[in-house]
Amino acid sequence: MTSDLLNVSDLRVSFATDTGIARVLDKVNFSIQRGEIVGLVGESGCGKTTLARAILGILPVNSARIDGGRIQFQSENLLEMPSERLSKEVRGRTITFIPQDPFSSFNPVFTIGSQITDLMRWKSPLRNTHSLTQGSPWWSLRRYEKQRFKADRARVLELLRAVQLPEPEAILRKYPHEISGGQRQRLMIAQALLPEPQLIIADEPTTALDVTIQAQILKLLRQLAHDRDIAVLFTTHDLGTTYEICDRITVMYAGQEMESATTSDFFNRPSHPYTQKLLESLPRDKERLQGIPGDIPTLISPPTGCRFHPRCDRADKTCADTRPAAKSIWTNHTVRCHHPNTHQELNRKLIN
Ligand SMILES: Nc1ncnc2c1ncn2[C@@H]1O[C@H](COP(=O)(O)OP(=O)(O)OP(=O)(O)O)[C@@H](O)[C@H]1O
Ligand SMILES: [Mg+2]
């Protein structure tokens, strides 16, 4: 048994495509503690969104298949939970979602207020707190609905103020096209906070916005989540933003997780050759950009063993034959590599 809020173990997901079966997630292990902000990073196509969608149970039904593993949330395996319970009790309740694109996330023909009212009706944390007994007369049901609506509306306004939206009452009367992209994304954050979730999954929540607004919104998300003890799974391919907002970072390559460390260890003591190469490829003053030699593999016939081995200068036969097990090299620092750097070596490098 684990005390993690979320623990994904040996998760395998594949997609049926026109050219064959793409083995997208290959025995992925991933965890989040209560209240922790974890960044999931990796190049485009490495499987970040697939992992996020698998947790939420919203993979495309026609093409995706879960081939194995567990997604333990609190004390239950979400993969075994009946879909009705998943949608009533977990999705949009204890786990909420902030999508990438705030532009297409609202229905353009309804006011923001009416869309949030709908959400309040079904996902409010107050929904289950005062229950009516069976057979209650219609007038008590009405009074109860009215009271709940008032309390929920007060909460919505309080949240709109918390995400620093000016004139919240006026915003509720507007249509989505009448507010800016940054304001829409602040609304998405407010909506994600509304059910008082345990975990928010934010899948590249700010890439559709301009850079200055991105930083403000991410810092706000971090602050609000920490104040409320809500965990956040934040996916991005921008390492800079993970440095700003995450407590811990997990890096994936071609559907396999490679390394997981606290933000400080991730940037100062990267142990996996892939993480090291990724950090070396970040732009620095006056230095020429260094890419990682080789190409990202196709997931229809991925490399055996460690999927990074064809591009790794430390790789040997073992790396091609066997996927390395996760090794814990320090507190909160695990690496899946047959030839990782140890913390002692990394500390020596830091001193020299
Ligand atoms: N519906 C689908 N059908 C077939 N293949 C898919 C589908 N969705 C994703 N894939 C494949 O799964 C792999 C992982 O995709 P995913 O969207 O999870 O990557 P990502 O890490 O989120 O990338 P990005 O940074 O671009 O958002 C890719 O190779 C992608 O082509
Ligand atoms: Mg994605």
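Predicted model: local features only at pLDDT ≥ 70, side-chain atom pairs only at ≥ 80, totals over all residues.

Biologist: Sheet first. What's the strand order?

Modeller: S6-S7-S8-S3-S9-S10-S12-S11, an open sheet of eight strands with mixed pairing. Strands are DSSP E runs of at least two residues, helices are H or I runs of at least four, and both are numbered from the N terminus. Two strands pair if DSSP finds at least two bridges between them.

Biologist: Which strands stand at the edges?

Modeller: S6 (95–98) and S11 (327–330). Each has a single partner strand, so one side of each is left without a neighbour in the sheet.

Biologist: Now S8. Buried or exposed?

Modeller: Six of the six residues of S8 (231–236) are buried. Buried takes 20 or more other C-beta atoms within 10 Å of the residue's own, with C-beta atoms placed from the backbone. Ala231, Leu233 and Thr235 are on one side, and Val232, Phe234 and Thr236 on the other.

Biologist: How does S8 pair with S3?

Modeller: Parallel, over five bridges. Val232 in S8 is the bridge partner of Ile37. S7 (199–203) also runs parallel to S8, joined by five bridges. There, Ile201 stands opposite Leu233. From S7 the chain crosses through helix H7 (211–228) to S8, in a right-handed β-α-β crossover. Right-handed means that, with the strands pointing away from the viewer, the path from the first strand over the helix to the second runs clockwise.

Biologist: And what covers the buried residues of H10?

Modeller: S9 and S10 (256–262) are included in that cover, counting contacts as C-beta atoms, placed from the backbone, within 7 Å. The buried residues in H10 (273–280) are Pro273, Tyr274, Thr275 and Leu278.

Biologist: Switching to the ligand. Which residues are closest to ligand 1?

Modeller: Phe15, Ser44, Lys48, Thr49 and Thr50, in a shell of 16 residues. A residue counts if its C-beta atom, placed from the backbone, lies within 6 Å. S1 (6–17), S2 (20–32) and H1 (48–56) each give two or more residues. H1 gives the most, with three.

Key: Residues numbered from 1 in each chain as written. Chains lettered and ligands numbered in written order. Buried ≥ 20, exposed ≤ 12 C-beta atoms within 10 Å, placed from the backbone. Contact = placed C-beta atoms within 7 Å.
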